[in-house]
Amino acid sequence: MSPPPLVYERYAKLVSRGAPDSVDFLNGQWQRDLVEPVIGDRPHYTKAGSGSTTLHIYYQADTATWHIASEVGAGLVFVAAASIAHHPNTVPRSAWMLAKLNAGAVSLEAWPDFEIVTEGPNTEEEPFLLEEIGVDFFLRVQLKTRKVIWFESPAGEVYHSAAKPGGAGGRAKPGKRYCHICHKCFSANNFQTQHLANLHRPTAPSDLTCVPDGAGGVHLWWKPPPPPPCGEPELAAFQLRFSIDGGVSWQVGIENTDSPEPCARVGNLSPGHAYLFMVAAINAAGMGDFSPPSPPLHHSPDGITTAVPSLNSILSSPHSSAVSSPHGSPPHGSPARGAPLPPSMVAGSPKGPTPRGSPA
């Protein structure tokens, strides 16, 4: 007996909005393509465009890019998003870029008002299918406070996503969330803090290297953590922290580099301080552990040197407070009195210690 056919759409609808009047035809409701519902292991949607044109939302696997185009793999590409998300609904809003033709060349322009979202009744009686919201929804979408999603698991069971029970019907039981990497549902209460943290957050970067730039700053680059076996969650960015008191306390230098490139430049270091740096990787599951601290850099009025013997003994001690604590959090403690403000930091190039925008 053959299995029942896969249901792609039921109660929900996929909607795009925010496109300007000049390309208003990109706004509207999309339907799952019935002839070719899957392209590149991702959903394929269509809608009527201008005139007799049919528009397609599909995933271009060889470039890891989502496209809105007049043809699959050809024709005019109107919108693109560099993302390996499994569904248009789970592509970050900031990733959608408008393709523009300038002097015969195509360029991509940020399009902050454009979004593609799944809408639906979202009730226990009419829940979302994972095919409608994206199998990776609970990994990639941060639910707002009190936002509850009703969904049907691949096994046909209906759950709510709330961390705690509260209400009649299915809300009387604790909620669950689906992990597409593990192919099963887990307790919503522990999904972020235990499941994602223990299994899917990145490990610590290594080999953090610091090289003075000769202009009162320093270039940093490091070895990123290895990718997970299935390739997801992919690295999204890094956080950089620094210390000027030998690792007793740490301050955030770069909250989020907004780039998976494993390098950065630090400028405006304050004279007379020995700087330590450490870095942590960020993916859709959260931030991982921090790397071991870098060798100290002492910034003096006549330049930067790594010869700081008084700190070497601290770093080599097995009980050193410069070692990061579990779950990626550095040792707690307020900055030293008189500590300088965080240095200005700019994400760099993946080719090494050349800051972005600077000549090689």
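## The buried residue N122

N122 counts as buried at 17% relative accessibility; buried means under 20% relative accessible area, exposed over 50%, and partly exposed in between, with a 1.4 Å probe and protein chains only. The residue sits in the loop between β11 and β12 (128-129). Helices (H or I, at least four residues) and strands (E, at least two) are DSSP runs, numbered from the N terminus.

The model is predicted: local features need pLDDT of at least 70, side-chain atom pairs count only at pLDDT 80 or more, and totals for chains, interfaces and linings use all residues. Residues are numbered from 1 along each chain as its sequence is written, and side-chain values use heavy atoms, with hydrogens and water left out.

## Contacts of N122

A polar atom of the N122 side chain lies 2.9 Å from the backbone oxygen of V148. The N122 side chain also reaches the backbone nitrogen of W150, at 2.8 Å. A polar contact is a pair of N or O atoms within 3.5 Å; within protein, one must be able to donate a hydrogen and the other to accept it, and residues adjacent in sequence count only if both atoms are side-chain atoms.

Leaving aside neighbours within four places in sequence, N122 is in contact (heavy atoms within 4.5 Å) with F128, K147, V148, I149 and W150.

## The nine-stranded sheet

Nine strands form an open sheet with antiparallel pairing, in the order β10-β9-β8-β7-β6-β5-β2-β1-β11. Its edge strands, β10 (105-110) and β11 (115-119), each pair on one side only. From one strand to the next, the twist averages 35 degrees; axes are lines fitted to C-alpha atoms, for helices over the stretch in contact, and angles run from 0 to 180 degrees between N-to-C directions.

Two strands pair if DSSP finds at least two bridges between them. Strands β8 (residues 74-82) and β9 (residues 96-102) are antiparallel and share three bridges; the partner of A80 is M97 in β9. Strands β9 and β10 are also antiparallel, joined by six bridges, and L101 stands opposite V106 in β10. The β9 and β10 hairpin has two residues between the strands, and A103 takes a positive phi near 55 degrees there. Strand β10 lies largely in the open, because zero of its six residues are buried.

## Cysteines

The whole structure contains zero disulfides, a disulfide being a pair of cysteine sulfur atoms within 2.5 Å. For C179, the nearest cysteine sulfur is that of C182, 3.8 Å away, which is too far for a bond. C179 is buried, with a relative accessible area of 4%, whereas C182 is partly exposed at 28%.
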